[in-house]
Amino acid sequence: MDILTQLNRAMDYIEAHIDDDLALEDVAKATSYSPYHFGRLFYYVADMPLSEYIRKRKLSLAAMQLQSGGAKVIDLAVLYGYDSADSFTRAFVKQHGVTPSRARKSGVNLTIFPPLTFQINIKGVQAMNWRIEEKQAFEVFGIERVFGNDETALVPKFWDELLENGEYDRLYQAAGAVRGEDGMHCVNAVCGYNEVGGDRFPYMICALKKPGSNTDGFKTAQIPKATWAVFRSEKADHMGIAMKTLFDRAYQEWLPSSGYQWAAAPDMELYYSAPDGKYFEEAWIPVAKA
């Protein structure tokens, strides 16, 4: 089953069970992915966590029911999983900018999110520099933090924190402080190397573990043998600027029409400074033939 079919089946499941207390685990059953991997895939492709999408759909339907009939606010709160009319009202105002009682009136502008439908989006504006790489299993060590899918904006701050508190330098020294012949930095990052539950993922700023590596005080992670699609950007002027765009385009533009499907393995971020002084970044996403 290709990635678009799986995503659309999941959206159909949500619409059929929108009145239920939907959880990531329930929606993932409509696909071949684990809850963790489906949550990550949905976030990359839709650019929002699944929980946010479900909340927006429920509040959209509630708004339409208020406009079209005499539904009571408390009944809608209960129907769509809110503990009270007050908590429902706060969420409603956050999305629509008006209270539920105000939403009943004609002429009021409301923010409606229709059901998502996934399809191939051919833009043809900007070329993508990509290749396929296969690697044997290896091990990394480094400093880990767990983020929610709605907290990815905090990842650059994690890098900044380690640079400021000296932990990056400690890891750099433990890694051997030697840049590869190809210019690859000895400190890079891996993401999603184990499941931590719900819409959360582990992210490690890390180095390759080699014989004699001093891993004392660091977290370690096993990276399985896998195949990755690798996307390179040579337009960033300093670390991290291009990485989010690389991942967004890889998942949203390349993957649906590539003939590959997403595989259950970690994403990786690699950073390079070439001998000619050019700096570039690579986003690695795990894939398998569809």
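**Notebook: strands, cysteines, cavity and pocket**

**Entry 1. Strand E6**

I looked up the neighbours of strand E6 and found that E6 pairs with strand E9 (residues 279-289) in the antiparallel sense, over seven bridges. I counted two strands as paired if DSSP finds at least two bridges between them. Helices (H or I, at least four residues) and strands (E, at least two) are DSSP runs, numbered from the N terminus.

The model is predicted, with pLDDT of at least 70 required for local features and 80 or more for side-chain atom pairs, while totals for chains, interfaces and linings use all residues. Residues are numbered from 1 along each chain as its sequence is written, and side-chain values use heavy atoms, with hydrogens and water left out.

I then asked how far E6 (residues 226-233) is enclosed by the rest of the structure. Six of its eight residues are buried, so the strand is largely enclosed. I took buried as under 20% relative accessible area, exposed as over 50%, and partly exposed as in between (1.4 Å probe, protein chains only).

**Entry 2. Strand E3**

I next examined the two faces of E3. In a regular strand, side chains alternate between the two faces of the sheet. Asn188 and Val190 lie on one side of E3, Ala189 and Cys191 on the other, and all four are buried, which leaves both faces covered.

E3 runs antiparallel to E4, with four bridges between them. The bridge partner of Cys191 in E4 is Tyr203. E3 is also antiparallel to E8, to which three bridges join it. In that pairing, Val190 stands opposite Met268.

**Entry 3. Cysteines**

How many disulfides does a search of the whole structure find? I recorded zero. A disulfide is a covalent bond between the sulfur atoms of two cysteines, and the search took it as a pair of cysteine sulfur atoms within 2.5 Å.

For Cys186, the closest cysteine sulfur is that of Cys206, at 10 Å, which is too far for a bond. Cys191 is likewise in no disulfide, with the sulfur of Cys206 as its nearest at 11 Å. Cys186 has 12% relative accessibility and therefore counts as buried. Cys191 has 8% and counts as buried as well.

**Entry 4. The cavity**

On a 1 Å grid over the protein atoms alone, a cavity is a set of points where a 1.4 Å probe fits but cannot get out; a pocket is an open set with protein on both sides within 12 Å along at least five of seven lines; lining residues have an atom within 4 Å of a point. Grid points are joined across faces, edges and corners, and a volume is the space filled by probe spheres set on the points.

The count came to one cavity of 30 Å³ or more. The largest cavity holds about 40 Å³ of space. I listed its lining as Tyr36, His37, Arg40, Cys191, Gly192, Trp262, Ala265, Pro266 and Asp267. Which element gives the most to this lining? I found that helix H3 (residues 35-46) does, with three residues.

By class, I recorded five nonpolar, two polar and two charged residues in the cavity lining. Here Ala, Val, Leu, Ile, Met, Phe, Trp, Tyr, Cys and Pro count as nonpolar, Asp, Glu, Lys and Arg as charged, and the others, Gly among them, as polar.

**Entry 5. The largest pocket**

The largest pocket has a volume of about 570 Å³. It is lined by 26 residues, of which Thr152, Val155, Pro156, Lys244 and Glu269 are closest to its centre. The elements giving two or more residues to the lining are H3, helix H8 (155-165), strand E3 (188-191), strand E4 (200-208), helix H10 (243-254) and strand E8 (267-273). H8 gives the most, with five residues. By class, I noted 17 nonpolar, two polar and seven charged residues in the pocket lining.

**Entry 6. Two loop residues**

I looked up Pro115, which lies in the loop between helix H7 (100-103) and E1. At 40% relative accessibility, Pro115 counts as partly exposed. Leaving aside residues up to four places away in sequence, Pro115 touches Glu15, Tyr53 and Arg57, where contact means heavy atoms within 4.5 Å. Pro115 and Glu134 are 19 residues apart in sequence, and their C-alpha atoms are 37 Å apart in space.

Last, I checked Asp47, in the loop between H3 and helix H4 (50-68). Its phi is near 65°, a positive value in a residue other than glycine. Asp47 has a relative accessible area of 42% and is partly exposed.
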